[in-house]
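Thanks for coming. Please have a look at it first.

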2 protein chains.
Amino acid sequence: MTLTTFTRFLPILDWGRRYDRDRFIGDMIAAVIVTVMLIPQSLAYALLAGLPPEAGLYASIAPILLYAVFGTSRVLAVGPVAVVSLMTAAAIGNIVDSGTAGYIAAALTLAFLSGVMLLTLGVLRLGFLANFLSHPVIAGFITASGILIAASQLRHILGIEAKGHTLIEIATSLWYHLYAVNPVTLVLGTSATAFLFWVRSGLKPLLEKTGLSPLFVDIGVKTGPVLAIIATTLAVWGFELADQGVAIVGAVPQSLPPLTLPSFSPDLISQLIVPALLISIIGFVESISVAQTLAAKKRQRIDPDQELIGLGAANIGASLTGGFPVTGGFSRSVVNYDAGAKTPAAGAFTAIGLMLAALFLTPLIHYLPKATLAATIIVAVLSLVDFSILKRAWSFSRADFAAVAATILLTLLMGVEVGVTAGVATSILIHLYKTSRPHMAVVGRVPGTEHFRNVKRHTVETQSHVLSLRVDESLYFPNARFLEDQLARYAAEKEELTDIILLFTAVNEVDLSALESLEAINTRLRESGIRLHLSEVKGPVMDRLKRSHLLQELTGEIFLSQYEAVEALANTKASVP
Amino acid sequence: MTLTTFTRFLPILDWGRRYDRDRFIGDMIAAVIVTVMLIPQSLAYALLAGLPPEAGLYASIAPILLYAVFGTSRVLAVGPVAVVSLMTAAAIGNIVDSGTAGYIAAALTLAFLSGVMLLTLGVLRLGFLANFLSHPVIAGFITASGILIAASQLRHILGIEAKGHTLIEIATSLWYHLYAVNPVTLVLGTSATAFLFWVRSGLKPLLEKTGLSPLFVDIGVKTGPVLAIIATTLAVWGFELADQGVAIVGAVPQSLPPLTLPSFSPDLISQLIVPALLISIIGFVESISVAQTLAAKKRQRIDPDQELIGLGAANIGASLTGGFPVTGGFSRSVVNYDAGAKTPAAGAFTAIGLMLAALFLTPLIHYLPKATLAATIIVAVLSLVDFSILKRAWSFSRADFAAVAATILLTLLMGVEVGVTAGVATSILIHLYKTSRPHMAVVGRVPGTEHFRNVKRHTVETQSHVLSLRVDESLYFPNARFLEDQLARYAAEKEELTDIILLFTAVNEVDLSALESLEAINTRLRESGIRLHLSEVKGPVMDRLKRSHLLQELTGEIFLSQYEAVEALANTKASVP
């Protein structure tokens, strides 16, 4: 293996050799800011995933380090994120009860499976698979997940028990337990939520008015959760609110991330394999979108297949150090970027910061109320909720709208796994339906040019014995028979027809079914005394056709351009063989 | 409703009004020939489906009549066919034991469900769904089914018990029972098989040499099974072979088709719903292929949606008169056509012939050995086995080959239902994979024309500051990100680039994901000082783009033709906004 091969799989060899003091300072500043922001976020997402709070810290340490070694993005911050944490809770909650040792072990297994899948996809260079999640489906899924997450956290604000993985289950469960609302928790929770909303909507403009640089405004806003945590923790400690039924985080071990081994029970693996695949794909798509957005700003390139390897390593790392499934998060990466992180070393410094927190700060969060963590989650995810995609899709195309609407509805009503699967399936089915009845246009020559356009949309010249038909789709099995039907119709409509030219500019593929249909069309047209010509056949399609008998049997010719075809046929009333 | 509306749903009103003596004679002759051929075939396919022999006759009577009323093909003969009978046996055999009353009831339910599905698809005009079974997949499926059918009939030739729905199951079961081979049955069975093979391969050329017309040659060949039946029945009766363990058809009721009611047990229906759907689609595809082939010879048109209604009515008829799932059969329809059938009335006369057979001929087949019926099935289906599709697909495209190979292998190893589903799934996945990495070609002008082709395949003219890129695929979610990647690559490669023209001749669709990618590309190119132009955008795509912001934000222009685009940009080194 040459050094280039090494750098392909280990991007660290690339940037590591050029590391200097300037980059170190940038990275260090970014790391401090991100660490402060990550502590509450990690604790909160562990809560969302149904895990003890320290799991959130652990899930941020090894993954960040491993991504720094294998990932291609300079600024992506890997760790627990909202949607993946929700999917983790949905996947494991169906199998094991939250709060048990089995639940924690299942989370490790889920992270491990997801890591292995991501690594495998990366090594096999199958990153393109993520493209089957269309933009509108992702937007719909994120919006619906945000609503589900917010709904699932309401119980912490109300101080009651409630569970469920769909909006109806959650709402029913909340309603059923509403009698037990804890008033002190409710006051704490709503105050924290209100404060955090104010930080986003009120404090930000205020800070901006003071003329602070955008970076500091952002830092001010991002410290909101830390302030809320400090204030409510002090309140619970000072007024002994835990005795009044306020749920608190409680004892958190003071320790570096432990070495853990996921369970390899075949039973557990078979139950988690599909959720792990969905989590891998969703996580990858979320992460790569963030990475590409930030990379584009600095004209850096992201290699999707290498990203799979980086995320795979991060998840395997999470599974071996007491974590749970992780991916590149939007808000933390943006902060990292804005704070001036220059290289993945910023991530390594953040990991060190979080290790120190796990070692020394955990006693301080003993009295932290869960309601505060729930408030930070709710405020964070509601910013993800954006129904404008429905409007956008509706005005652009009904097909896209159908896919988004199906994704949102099914995610809310049937849960995250059904929702995202339905979104992908709907997108694919709609595509197949559309290509199965392709648009065809009779074309004529735009006067004075060699250019041909639809007779219905442009003023063009045609000849009565020649029909020029542009086929606006690749020809393959779903539309092969449709083509036969359409050509039979055109041939039957015009008595004087002697030549049909199929304009193949938009035919990007001809498969065996379509080839057989073309042969059948050629034979039938010959029997009707009509010659079949092709024009503007593309290279790859022509190569394919040359491997068949069609070209020998074709009654007409193959023309390089439609103009040549029409010129050649202009004056020769055909004498059909 | 006008008469036209009626004739749409009742084609009989069209040909019925023009019926005359010539047509009557043609129809009558065809009916006699087809009846003689159908009697052994119907009995045999009932055996294949695991049903009593009379069910085969019943399944040929009402369906033929109902198809004559509702169908559009003049010559299609509807009744039990090999592949559908095999699928029936596979579907019911998993649920009920053959030979029980429950088995017969389940066959009625299967026919009823299939009939309702076909009718529904027809009324909703969803006939195009059948197109998702590609030609190669069908060819592979028919070949594999032929092998499975022949294997499943070997037990009757050997005179042993054996069952199974996959090649391995059947082979294992045969091997396990091989000790019990009945020698007399074996002699009868192999003689009948050998005779029937000789009729096809030896007698046919012999008759052709005598100078008989092709029709009579064909009739001679088709009476082969009748001769085999008469000879072996007489042998069993004369030498009392039934006492020596030769399995015979036994007592068959002398009766017109009985009125029957399928079972509507929700449990049974839920178990049969998927098999019924697969049988409906396979049956429809087989039938429509036959109908279209024969109609093309006489320039008649087949309406796929009306065919669904005809076949739906036929199957519901079968379910109410003691039958089982039916469809249009190839061999019987060809005989019908060759024998000169003019209108669907030929089918009605055939039905009358079969009724007479059911009333009066059934005592004569008491001693008919099952081995003879098995021999007729084996000889018939082995003519369906044709591995040349593998070779054809291989030489044309690896993708088609993969779909055929998957269909054949999985049908043989996992059974008909898995096989056909896998074939469709493979075809779709391969298509999605191919469109997800579209071909793109840098194009230049063919000197002296307004025509543009791939720079790698043709000698063309280009300009160093303008890149003309033809995108050879519709732009939609699976390839949206690929387009971004490719354009980033092209933009990075050429320093002097000021203008990129995307040639949209082959872009038949732009969905919301692709629109967002185009917007992102436009923004990124602007930041690199490169203008983005589009040319030859089709009407439907342009309509779609007009509903977005892309056209306002586009840094370049939209040109009607690529020639105009290049002319306009030839002398103006761009001054990017």
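This is a predicted model. I start with the buried residues of α17(B), which pack against α21 (512-527) and α22 (539-546) of chain A, and also against α7 and α18 of chain B.

Which residues of α17(B) are buried? They are I389(B), R392(B), A393(B) and F396(B). These residues cover an arc of only 95° around the axis, so they are on the same side of α17(B). An α-helix has 3.6 residues a turn, so residues three or four places apart point the same way.

Now the contact between the chains. Chain A gives 54 residues to it, and chain B gives 54 residues. On the side of chain B that touches chain A, the elements giving two or more residues are α7 (135-158), α17 (388-396), α18 (398-414), α19 (416-436), α20 (477-493), α21 (512-527) and α22 (539-546) of chain B. That side of chain B is made up of 20 nonpolar, 19 polar and 15 charged residues.

Next, α7(B) within its own chain. Helix α16 (residues 370-382) of chain B packs with α7(B) at an angle of about 160°, and the axes are 9 Å apart. The two helices, α7(B) and α16(B), are therefore roughly antiparallel to each other. Their crossing is left-handed.

Residues of α7(B) in this contact include G146(B), I149(B) and A150(B), and among those from α16(B) are A371(B), A374(B) and I378(B). By type, the residues of the contact of α7(B) with α16(B) are 10 nonpolar, three polar and one charged.

That is the end of my part.

Conventions. Residues numbered from 1 in each chain as written. Chains lettered and ligands numbered in written order. Predicted model: local features only at pLDDT ≥ 70, side-chain atom pairs only at ≥ 80, totals over all residues. Contact = placed C-beta atoms within 7 Å. Helix = DSSP H or I, 4+ residues; strand = E, 2+ residues; numbered from the N terminus. Nonpolar A, V, L, I, M, F, W, Y, C, P; charged D, E, K, R; others polar. Axes fitted to C-alpha atoms, helices over the stretch in contact; angles between N-to-C directions. Parallel < 35°, antiparallel > 145°, perpendicular 65-115°, else oblique. Left-handed = near helix turned anticlockwise from the far one by under 90°. Buried ≥ 20, exposed ≤ 12 C-beta atoms within 10 Å, placed from the backbone. Arc of directions from axis to C-beta.
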